[in-house]
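Welcome, and take a moment to turn the model around before reading on. The paragraphs below are meant to be read with the structure in view.

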Amino acid sequence: MSPSASASEDAGPGTWGRPTVRVGLLGCGNVGSALARLLLTDAGRIAERTGVALELVKVAVRSASKERDVPGVERLITTDPFGVVRDPAIDVVVEVMGGISPARDLVLEALRSGKPVVSANKELLANHGAELWDAAAAAGVDLLFEASVAGGVPLIRALRESLAGERIHRVMGIVNGTTNYILTRMAASGATYQEALAEAQSLGFAERDPTADVEGYDAAAKAAILANVAFGAKVVAGDVYREGISHVSGQDIEAARRLGFVIKLLAVVEAGEDGALGVRVHPAMVPEAHPLASVSDSYNAVFIEGETVGQLMLLGRGAGGPPTASAVLGDLVDAAHNLTVKGVARKLELREVPIRPIDDLRCAYYLSLFVADRSGVLSAISGVLGRHNVSVRSMEQDAPEPEPGVAGPSRPDPGRPEPAREAQAHLVFVTHPAFERDMQACLHELRQLDSVRRIGSLVRVVGH
Ligand code: HSE
């Protein structure tokens with residue numbers, strides 16, 4: 001099917017005097033229903049503003065009986081997504097169902113049959129992007145995916161179009177709203193990680209099973225897509241080094257504040273001088289003065305550093321139905337316009353790029369240790385750091401806290417004398433830049449020291 005033939009030439013009443021592009025929607029959850037509402041209630045204004053007349057004609061869902069608060073959508077509902085893709089009356093397919101199967105087959109079939117696809121599916125793109133972009137290029141149609149990273153923030157288009165020829169050095173993003181909300185609440189109210197997570201769940205930000213968000217999988221998929229778009233690098237989600245936020249404690253956040261930092265979960269993609277690409281997701285200490293430090297609650301932001309453009313940041317709503325539907329709509333207007341003018345967006349060119357192992361990362365570190373509060377401990381620790389070329393920039397000692405489980409009101413036999421309570425200290429180090437492999441070797445040796453009770457956290461410092 002040629003793109004021009006697929007858009008109806010009917011310019012009669014109801015089509016605002018323009019060729020109508022007929023849309024099939026796969027998925028009607030938060031994003032799908034927000035998009036359906038826009039298309040069903042606001043198509044006239046959209047056509048007026050963009051010159052593109054969009055008509056939603058079918059909506060594929062898993063359960064037809066579910067109530068949907070979208071006026072007029074019931075008559076469009078079907079439970080046959082392949083029927084939508086194969087319907088000759090549908091010109092453009094929007095995939096917001098999520099997951100890999102059957103989304104991958106549906107998107108491939110749509111593209112191969114000459115239908116442009118708009119997708120918000122980060123998991124699909126971060127795992128099968130190259131195959132899908134190749135299929136789109138082979139068929140000469142669009143595969144657009146603005147909503148797959150940072151929801152309503154128009155980031156992909158900025159990178160692909162506005163910064164198309166820019167030599168990007170680094171992209172650092174807060175690309176997961178759930179974890180940003182949790183970290184913000186921990187910092188603002190002193191809530192523990194568990195309390196802040198429960199609050200995020202009660203407000204509907206966090207899923208009942210929060211693993212994908214809090215362990216960084218969601219952000220890692222987005223980091224892979226950022227590597228594709230900003231660096232043209234063939235990177236998939238599994239290539240991304242990943243750590244989540246579940247081990248970040250209130251003490252870390254408080255220590256970071258005293259030291260002039262904020263802890264954020266960052267997705268970082270950066271080009272090394274050797275041509276290798278660093279792609280990682282982990283909690284990071286961000287200096288308070290850095291623009292990313294002030295991005296709070298469930299907001300997303302991406303900070304871009306380029307050779308000629310310098311530094312810039314895009315900030316906005318990274319999740320939620322309406323913001324994400326806004327990004328999908330922008331893509332849909334482009335895809336529909338391209339269809340009517342027989343055009344197509346530039347192909348996303350991807351090449352194999354070596355991925356820098358995390359061991360080769362060089363940055364400053366925040367290290368928190370719980371140690372016995374006795375003489376000789378500091379020199380033992382500094383001996384370990386020194387042997388591995390890790391130089392300390394600053395060190396502070398917190399008020400000692402009791403060793404858990406040694407003594408206390410829940411002691412099983414309160415009749416017996418209390419065992420001697422060993423004083424414990426919390427030490428916080430910030431290092432000068434060091435290699436990750438050296439820091440990891442330090443951690444390994446520190447764990448062997450009799451005086452080190454527990455490693456609290458190791459958090460990388462970025463944005464200095
Ligand atoms: N769960 C994501 C977040 C939104 O919390 O940002 C969808 O990518």
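This is a predicted model: local features need pLDDT of at least 70, side-chain atom pairs count only at pLDDT 80 or more; totals for chains, interfaces and linings use all residues.

Let us begin with the overall layout. The domain assignment divides the protein into domain 1 (3-151 + 322-340), domain 2 (162-319) and domain 3 (358-461). If you look at domain 1 and domain 2 together, their centres, taken over C-alpha atoms, are 29 Å apart. Where they touch, domain 1 supplies 13 residues to the contact and domain 2 supplies 17 residues.

How might we describe the size of such a meeting place? The size of an interface is often given as the accessible area lost when the parts come together. For domain 1 and domain 2 the area buried between them is about 1,100 Å², and 73% of that area is on carbon and sulfur atoms.

Now for the polar side of this interface. Three residue pairs are in polar contact across the interface of domain 1 and domain 2. On the side of domain 1 that touches domain 2, the elements giving two or more residues are α6 (122-139) and α13 (321-341). Helix α6 makes the largest share of that side, with six residues. Sorted by class, the side of domain 1 that touches domain 2 holds eight nonpolar, four polar and one charged residues.

Side chains of opposite charge can pair when their charged atoms come close. Between domain 1 and domain 2 the count is one salt bridge. A polar side-chain atom of Lys122 is 3.0 Å from an oxygen atom of the ligand, and a polar side-chain atom of Asp218 is 3.2 Å from an oxygen atom of the ligand. Gly177 takes part through its backbone, where a polar atom is 2.6 Å from a ligand oxygen atom.

Stepping back, the count of salt bridges comes to 26. One of them joins the side chains of Asp331 and Arg157 at 2.7 Å, N to O. Asp331 belongs to helix α13 and Arg157 to helix α7 (residues 155-162), so this pair ties together parts 174 residues apart in sequence.

Finally, look at two spots in the backbone. Most residues other than glycine have a negative phi, and most peptide bonds are trans. The peptide bond from Ser101 to Pro102 is cis, with omega near 10°, and Pro102 sits in the loop between β4 (92-95) and α5 (103-112). Ala150, a residue other than glycine, has a positive phi near 60°. You can find Ala150 in the loop between β6 (143-144) and α7.

How values were computed. Residues are numbered from 1 along each chain as its sequence is written. Side-chain values use heavy atoms; hydrogens and water are left out. Domain bounds come from an automatic or database domain assignment. Contact means heavy atoms within 4.5 Å. Buried area is the accessible area (1.4 Å probe) that two parts lose on being put together, summed over both. A salt bridge is a side-chain nitrogen of Lys or Arg within 4 Å of a carboxyl oxygen of Asp or Glu. A polar contact is a pair of N or O atoms within 3.5 Å; within protein, one must be able to donate a hydrogen and the other to accept it, and residues adjacent in sequence count only if both atoms are side-chain atoms. Helices (H or I, at least four residues) and strands (E, at least two) are DSSP runs, numbered from the N terminus. Ala, Val, Leu, Ile, Met, Phe, Trp, Tyr, Cys and Pro count as nonpolar, Asp, Glu, Lys and Arg as charged, and the others, Gly among them, as polar.
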